[in-house]
Amino acid sequence: MTTSINEQKKTRAPFRADHVGSFLRPAALKEARAKFQQGEITRDELTRVEDEEIRRLVEAQKANGLRGVTDGEFRRSWWHFDFLAGLDGIEFREGENGTRKFTGVEVRPVGIKVTGKIGYSGNHPFIDHFKKLKEIAGDDTTVKFTIPSPNLVFGRAVLETDFYDKKEDFYRDVIPAYHALIRDLYDAGCRYLQIDDTAWTSFFTEEERDRLRAEGSDPDQLIHQFADAINGAIADRPDDLLVTMHICRGNFRSTFFTSGSYEDAGKIIFGGLDVDGLFLEFDDERSGGFEPLRHVNRPDLTVVLGLVTSKHPELEDEEAIKARIREASEYLPLEQLALSPQCGFASTEEGNNLTEDEQWAKIRHVVKIAEDIWGKDTN
């Protein structure tokens, strides 16, 4: 496989070597957050620690070969709940488990509930989070910002209001709320947005579809609502706002909550979403093969193959990863492919079961393989 085909150069995100976004929380940040929760330091003091650790993280991402940087989700406890609870009509809840059950581990008992009309009032804290990240990263650095999908409101929230008759009704208000918030992110300078969406796994197996039916939903209709939610949230976006979506099957303390191929949802995911790129989990047999990539019907869609796991520290065999990229290129041209870890390293503040040094070794592994495949300086 050549390493210098000019037409395969890619200077726009998602990059040939990219990443999903979250990183292991450093000890200083964990300590500061614990002190804040115990009332030992102020919110401003915690923010100063967050700022400093994000500054170090940005430099580490650059030093380890990444062209796009995130804040590692260092200001969040959860990849999704912190954001969703910032919308009008949605509240964070303690003491009840609103997450999926993960394999072999207990998840903190928290969740979200819809208590009124869902909306966006223009004061979401994540807007400031983005502004701080962009200020820290500087104008010469590509900044990626991650938010959970509007489908997570349907997938994770408990309905506790008479304002909606059923959870499908959330969409009439969730979509315009997201659309307005994304516009504010753009106005704040965001040009690379990633929407994280584990709810698509509801369509990957018949067991998951049966779960939807038991809850009173029709999976054959709901899958179109999922697509409409994504497309509606990003509709009429400016040409220079690049939007990607990340899909995985759960990522908590190196475990997962489901399995299944992309096949049963492939026509919609690969052929019906108006995103610019897809970050997909492909690090083990739970994700199935690359055959669903045949449903991609656009030459401008980049599929980022999550072939390097963020769940375990062992480095994958380089030649085996390259062979899998070649296999994927049988279904989608190489110039439409890229490489990343299959998920973040810390979807929650607990993080996966590896060290920071092992985390960065994984990132360098992705960069090295991408350079070998697509050429140096094209990642």
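Trainee: Why is K322 called buried?

Mentor: Buried means a relative accessible area under 20%, exposed means over 50%, and partly exposed is in between, using a 1.4 Å probe and protein chains only. K322 has a relative accessible area of 10%, so it counts as buried. Before we go on: residues are numbered from 1 along each chain as its sequence is written. This is a predicted model, so local features need pLDDT of at least 70, side-chain atom pairs count only at pLDDT 80 or more, and totals for chains, interfaces and linings use all residues, while side-chain values use heavy atoms, with hydrogens and water left out.

Trainee: Got it. What makes the pair of side chains K322 and D372 a polar contact?

Mentor: A polar contact is a pair of N or O atoms within 3.5 Å; within protein, one must be able to donate a hydrogen and the other to accept it, and residues adjacent in sequence count only if both atoms are side-chain atoms. The side chains of K322 and D372 make such a contact at 2.9 Å.

Trainee: Which residues does K322 touch, leaving out those up to four places away in sequence?

Mentor: Touching, or contact, means heavy atoms within 4.5 Å. On that rule K322 touches I369, D372 and I373.

Trainee: Where are K322 and I373 found?

Mentor: K322 lies in helix 10, residues 318–328, and I373 is in helix 11, residues 356–374. Helices (H or I, at least four residues) and strands (E, at least two) are DSSP runs, numbered from the N terminus. The chain has eleven helices and eleven strands.

Trainee: Is I373 buried or exposed?

Mentor: Its relative accessible area is 2%, so I373 is buried.

Trainee: Why does E291 get the label it has?

Mentor: E291 has a relative accessible area of 35%, so it is partly exposed. E291 sits in the loop between strand 9 (277–281) and strand 10 (302–308). Leaving out residues up to four places away in sequence, E291 touches E263 and Y331.

Trainee: Why does helix 7 have its buried residues on the same side?

Mentor: In helix 7 (residues 206–214), E208, R209 and L212 are buried. They cover an arc of only 100 degrees around the axis, which puts them on the same side of helix 7. That arc is taken from the directions from the helix axis to the C-beta atoms. As background, an α-helix has 3.6 residues a turn, so residues three or four places apart point the same way. The face turned away from the buried side carries E207 and A214, both exposed. Helix 5 (151–156) and helix 8 (219–233) are among what covers the buried residues of helix 7.

Trainee: Last one: what makes the largest nonpolar core a core?

Mentor: A nonpolar core is a set of buried Ala, Val, Leu, Ile, Met, Phe, Trp, Tyr and Cys residues joined through side-chain atoms within 4.5 Å. The largest holds 103 residues, and W200, I269 and I325 touch the most other members. Leaving aside neighbours within four places in sequence, I269 is in contact with W200, F204, I247, Y262 and L278. Apart from that core lies another, of eight residues, including F15, Y192, F279 and V304.
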